[in-house]
Every structure is written in structure tokens, then in C-alpha cells.
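Please read them against the model.

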Amino acid sequence: MSRDLERLSTRRLKDFAQVEALYRTRLKKDFVRNELKPLISMRRSWEKNAYDCYGLYDGEEILGYAFFVRLGSSALLDYLAIAEEHRGEGLGTVFLRQLRSSLRDADCVLVEVEDPEKAGDGETRTQREKRRQFYLRGGWRETGLRSVLFGADYRILEIPRGKEHSAERLRRVYTELYRSCLPAFFFRTRFRVWESFEKGERNGDLFCK
């Protein structure tokens, strides 16, 4: 199907009922069960004005969605997907570009991508690298930060915002975002973040407390 990409628009969802509908019809298909947080958790964050949700629209049809955890002027991408039947049409690239504009008032916007270097096999490594390159092509940049969340390894990227943030600044922002949304026990035991260097990683410098 040929689609006029210029017609697409990104809008912030204003009613949690829209979020709930997407959760039940899209997120449950797009993400495996252990990646999907409970809907009640999203609702609590929404009610505290700490969860921002956007849709990619063609007219009134939602072709994709992006959910962000927010703390002050900082945000962390929680979920992003294009409707399965519309993947491969270039919509993801358009959505990333429009999200950058929609989030222009945010000082710091981060995303986690699964670390290709930690993949257990070649196919998984290739898939993870494709996801990383998708964000890099969309204008995000590597921060040099690595994290482990519930046993999964991630690299942290950010949307550039004029003056480049230091890794230390981003590490603090990332840590506080998780401190705000994780129960204290899981924050202490399932969250780690550190800065990686070309000549090895600074093992032991875990900035989660």
C-alpha cells in the first residue's frame, strides 16, 4: 500500500481510555508478557502526570504509539510500535522524527535498546543491531551508558538537545527516572547503570543508589 507520509501526524493522547484501548488491542500483541507492565501501573503514573502517550495518526486511524515515563523535564521511552500490518512502510522513521518535535520542551529524552554485544546468538545480535540503527538513523545518539534491568542488558541513547549532556548528567537522570517508577526493592536489586569506555567497562561503579 502506498501511503502519503506527509498526511501523518503525531498527537498526544488526552484520555486514559485511549491508552487502555491500545494496551488491550495492540501492546498485548506487540510485546511479550514479561515485557508488559500492568495496566494499573500505567494508570497510576498517568494520574500523577508522569506518563505521556502519543499516537501516529493518518486521519483518525492510529498507525503507531509511543509511551514515555516522565519526571519533570526528562522522559524515558517505555513502549514504541507500529501496527503490524503497516510495518515496512517507513512509518517508524516518520514517527521518530515527529516525536522529536512533539518532545521539544523536554530537556532530556532517553531510550533503551537491547545490547547487541550481549546477544546469545547471531540472529538475536542482528535483530538488536537493527533496532539500534533504527534509533541512530532517527537522530538519537549513543550516551556511553549501559544498564542491566531484571537481567536484561541495555545501551542508553538520547535525543540531542542543543548542548550535549555529560554521561554523568544522563546517568543521574536515568537513575532518577527509574527511582520514580520502580518499587524500592526492585530498584535496589534489579537496576544497575554504569558508563562504558572503549578500553573496557568500569565494573563495580554501579550508580543505582
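1. The model is predicted. Its side-chain atom pairs are counted only at pLDDT 80 or more.

2. The largest nonpolar core has 36 residues. Within this core, Leu27, Met42, Phe67, Tyr79, Leu110 and Tyr174 touch the most other members. Helix α5, residues 167–181, gives the most to the core, with six residues.

3. Which residues does leucine 27 contact, once neighbours within four places in sequence are left aside? They are Leu22, Leu36, Met42, Tyr65, Phe67 and Tyr79. Of these, Met42, Phe67 and Tyr79 are, like Leu27 itself, among the core members that touch the most others.

4. There is also a second, separate core, made up of 25 residues. Its members include Leu56, Leu77, Leu91 and Phe134.

5. Turning to charges, a search of the whole structure gives 22 salt bridges. Three of them are taken up in the points that follow.

6. Arginine 132 and glutamate 129 form a salt bridge through their side chains, with an N to O distance of 2.8 Å. Both residues sit in helix α4 (residues 122–137), three residues apart, so about one helical turn separates them. Arginine 132 has 13% relative accessibility and counts as buried, because the limit for buried is under 20%. Glutamate 129, at 24%, counts as partly exposed.

7. Arginine 141 pairs with glutamate 158 at 2.6 Å, N to O. Are the two partners buried or exposed? Arginine 141 counts as buried at 18% relative accessibility, and glutamate 158 is buried with a relative accessible area of 1%.

8. Arginine 141 also meets glutamate 164 in a salt bridge, here at 3.9 Å, N to O. This distance still qualifies because the cut-off is within 4 Å. The pair links distant parts of the chain, 23 residues apart: arginine 141 is in strand β6, and glutamate 164 is in the loop between β7 and α5. Glutamate 164 counts as exposed, at 57% relative accessibility.

9. Salt bridges with shared partners join Asp115, Glu117, Glu129, Arg132, Glu142, Arg146 and Arg155 into one network. The pair from helix α4, arginine 132 and glutamate 129, therefore belongs to this network.

Terms used. Residues are numbered from 1 along each chain as its sequence is written. This is a predicted model: local features need pLDDT of at least 70, side-chain atom pairs count only at pLDDT 80 or more; totals for chains, interfaces and linings use all residues. Side-chain values use heavy atoms; hydrogens and water are left out. A nonpolar core is a set of buried Ala, Val, Leu, Ile, Met, Phe, Trp, Tyr and Cys residues joined through side-chain atoms within 4.5 Å. Buried means under 20% relative accessible area, exposed over 50%, partly exposed in between (1.4 Å probe, protein chains only). Helices (H or I, at least four residues) and strands (E, at least two) are DSSP runs, numbered from the N terminus. Contact means heavy atoms within 4.5 Å.
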